[in-house]
Amino acid sequence: MYPESDFQQLSALQHLAYCPRQWALIHLEGCWRENVLTAEGRVMHDRAHDGEDESRRDVRIVRGLRLHSFRLGLSGMADVVEFHRRDQQTWKPYPVEYKHGKPKPDICDEVQLCAQALCLEEMLETTIERGAIYYGKPRRRQEIEFTETLRQETEKLCEKLHYMAQAGITPEAVYKKECESCSLFDQCLPKVTGKKSHQVEKYLELMTEE
Ligand code: SF4
């Protein structure tokens with residue numbers, strides 16, 4: 001169990017899963033730069049949060065619900081949580097996260113959604129088997145099952161998040177294809193500050209040894 005003072009932002013998990021250096025630049029060093037992709041994403045999240053809550057016969061839709069977990073040491077906000085009627089008295093939570101882009105080959109989005117489900121499970125003392133990610137391109141929902149593997153991955157990432165937050169160290173850059181769409185590319189300079197810079201350091205070390 002984590003004290004509230006150690007809580008990390010739920011959204012930080014996605015940054016960490018995408019790139020540990022991106023997480024450190026944003027959350028340790030306070031760097032942020034909007035690009036087209038992040039601006040589109042922000043507008044989509046704002047729309048999802050700002051809409052009215054809705055109540056239909058068998059579904060209640062709650063927007064911008066605050067979430068937390070003492071077990072994982074996380075707090076944040078869900079875009080949308082649907083409550084599906086189970087019977088006359090009980091409702092089943094079903095988190096829905098909005099993403100402006102298309103489904104990605106990695107599990108960054110799934111981990112963030114799963115963390116929301118784990119928060120809801122702790123807050124409401126229930127079990128949640130599934131949720132969904134709504135992708136803007138194309139406009140469709142993808143249902144995500146919270147498997148044991150996904151839960152373990154999410155919990156491992158939470159541990160890493162707390163470890164890195166405590167260590168307070170920004171990892172070195174490692175240039176990869178994700179860098180090309182990273183909003184912090186110009187601040188990070190992965191081609192300059194990454195492995196190549198170490199080659200230069202080694203070269204300089206060798207030169208000064210001679
Ligand atoms: S540019 Fe690449 S290495 Fe740098 S923060 Fe972005 S993804 Fe990470």
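Q: Which residues have the most contacts inside the largest nonpolar core?
A: They are Leu 13, Leu 16, Cys 114, Ala 115, Leu 157 and Leu 161, in a core of 37 residues. A nonpolar core here is a set of buried Ala, Val, Leu, Ile, Met, Phe, Trp, Tyr and Cys residues joined through C-beta atoms within 7 Å. This is a predicted model, where local features need pLDDT of at least 70, side-chain atom pairs count only at pLDDT 80 or more, and totals for chains, interfaces and linings use all residues. Residues are numbered from 1 along each chain as its sequence is written.

Q: Which helix gives the largest share of this core?
A: That's H4, with eight residues.

Q: And where does the core lie relative to the domains?
A: Between domain 1 (4–171) and domain 2 (172–210), because both give residues to it. Those bounds come from an automatic or database domain assignment.

Q: New topic: is Glu 110 buried or exposed?
A: Glu 110 is buried, because 24 other C-beta atoms lie within 10 Å. Buried takes 20 or more other C-beta atoms within 10 Å of a residue's own, exposed 12 or fewer, and partly exposed is in between, with C-beta atoms placed from the backbone.

Q: Where is Glu 110 found?
A: In helix H4, residues 108–124. Helices (H or I, at least four residues) and strands (E, at least two) are DSSP runs, numbered from the N terminus.

Q: What is Glu 110 in contact with, leaving aside neighbours within four places in sequence?
A: Ile 144 and Leu 150. Contact means C-beta atoms, placed from the backbone, within 7 Å.

Conventions. Two residues are in contact if their C-beta atoms, placed from the backbone, lie within 7 Å.
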